[in-house]
Amino acid sequence: MSPSVLPGRLVLAATPLGDVRDASPRLAEALAEADVIAAEDTRRFRSLASALEVTPRGRVVSFYEDVETARLPKLLESLRAGESVVLVTDAGMPSVSDPGFRLVSACVAADIPVTCLPGPSAVTTALALSGLPCDRFCFEGFAPRKPGERTRWLSSLRDEPRTAVFFESPHRLASLLADAVAVLGPDRPAAVCRELTKTYEEVKRGSLSELAEWAAEGVRGEITVVLSGAEPREVSVADLVGEVQSRVAAGERLKTAAAEVAEATGVSKKELYDAVLASRAAK
């Protein structure tokens, strides 16, 4: 058995985003040798194994979000018994907005070895293709679905100096970009990466307003968005009153909104809170 799949070890195995030729020889080896393969989608895993001409000798179990917690005890039992467990998701690296985090945490708590077979990641692939600064970046997972939560989340990126990468559903992309224009301004540079490594791969670069206009016609496929970091700006308490009021109007408590905006911008929380109250009293 190879060092990657030693007994009693959890292996996080990155899988191709779309082009099966991106699979590493180590991935094929691990899939062939593992005692247990925990797969986000067993049918997609079978298709991958077939494309790699691999015949798994181990058991294949489903490991998607709705059953992740329920599967933990049995997988931990297998690992404690000395079996090797390989975790694969539909595409990319397990745990990165995909199942895996709970299993890794449980293994760490139980002092069970965990290793990784590095490989494709939509996050770093999109970042590299975006043409935006890559020296510092943050990953934001999936954009919030509800309009109020999305507005608050976009507001938190208003002064974020790092390039931000996040995922979005194709049928929500147009509304997200429209909200981004309203919250972050029309000129913020960004890139929408679609169907990475697949036949119809496309990277659309431009300002938020340009991308919002493009997306309004409808976009299909797997989407990763890369947003340029904010330029440094001088802010005063008075400048931030409107932002706090917008978050309150979207359903957030005043104290929470004032505290978060103050922390993000470096102004006094008390001064900002008092300024919002004063603005209300003046109306």
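Two strands pair if DSSP finds at least two bridges between them. Helices (H or I, at least four residues) and strands (E, at least two) are DSSP runs, numbered from the N terminus. Keep both handy for the exercises below.

This is a predicted model, where local features need pLDDT of at least 70 and side-chain atom pairs count only at pLDDT 80 or more, while totals for chains, interfaces and linings use all residues. Residues are numbered from 1 along each chain as its sequence is written, and side-chain values use heavy atoms, with hydrogens and water left out.

**Exercise 1: the overall picture**

Describe the protein as a whole: its elements, its box and its buried share.

Step 1. Start with the elements: the protein has 11 helices and 10 strands.

Step 2. Now the box. Taken along the principal axes, the C-alpha atoms fill roughly 75 × 40 × 30 Å.

Step 3. Of the 283 residues, 47% are buried (buried means under 20% relative accessible area, exposed over 50%, partly exposed in between, with a 1.4 Å probe and protein chains only).

Step 4. Look at contacts (heavy atoms within 4.5 Å). Take those between residues at least 6 apart in sequence: 71% of them join residues at least 24 apart.

**Exercise 2: helix H7**

Step 1. H7 covers residues 173-184, so 12 residues at 1.5 Å each should span 16 Å (the expected span is 1.5 Å times one less than the number of residues). The end C-alpha atoms are 16 Å apart, which agrees.

Step 2. List the buried residues: Leu173, Leu176, Leu177, Ala180, Val183 and Leu184. They cover an arc of only 130 degrees around the axis, which puts them on the same side of H7 (the arc is that of the directions from the helix axis to the C-beta atoms).

Step 3. Here's the background: an α-helix has 3.6 residues a turn, so residues three or four places apart point the same way.

Step 4. See what the buried residues of H7 pack against: helix H6 (147-156), strand E7 (163-168), strand E8 (189-194), helix H8 (208-215) and E10. After H7 comes Gly185, with a positive phi near 95 degrees.

**Exercise 3: helix H4**

Step 1. In H4 (residues 101-109), Leu103, Val104, Ala106 and Cys107 are buried. Their arc around the axis is only 165 degrees, which puts them on the same side of H4.

Step 2. Phe101, Val108 and Ala109 are exposed, on the face turned away from the buried side.

Step 3. The buried residues pack against strand E1 (10-13), helix H3 (68-80), strand E4 (85-88) and strand E5 (114-117).

**Exercise 4: the other sheet**

Give the strand order of the parallel sheet and find a helix on it.

Step 1. The order is E3-E2-E4-E1-E5, with 5 strands in an open sheet and parallel pairing. Strand E3 (59-62) and E5 are the edge strands, each pairing on one side only.

Step 2. Strand E2 (residues 36-39) is joined to E3 by 4 bridges, and Val36 stands opposite Arg59 in E3.

Step 3. Helix H2 (residues 42-51) packs on the sheet and touches E2, E3 and E4, with a direction at about 140 degrees to that of E3.

Technical notes
Axes fitted to C-alpha atoms, helices over the stretch in contact; angles between N-to-C directions.
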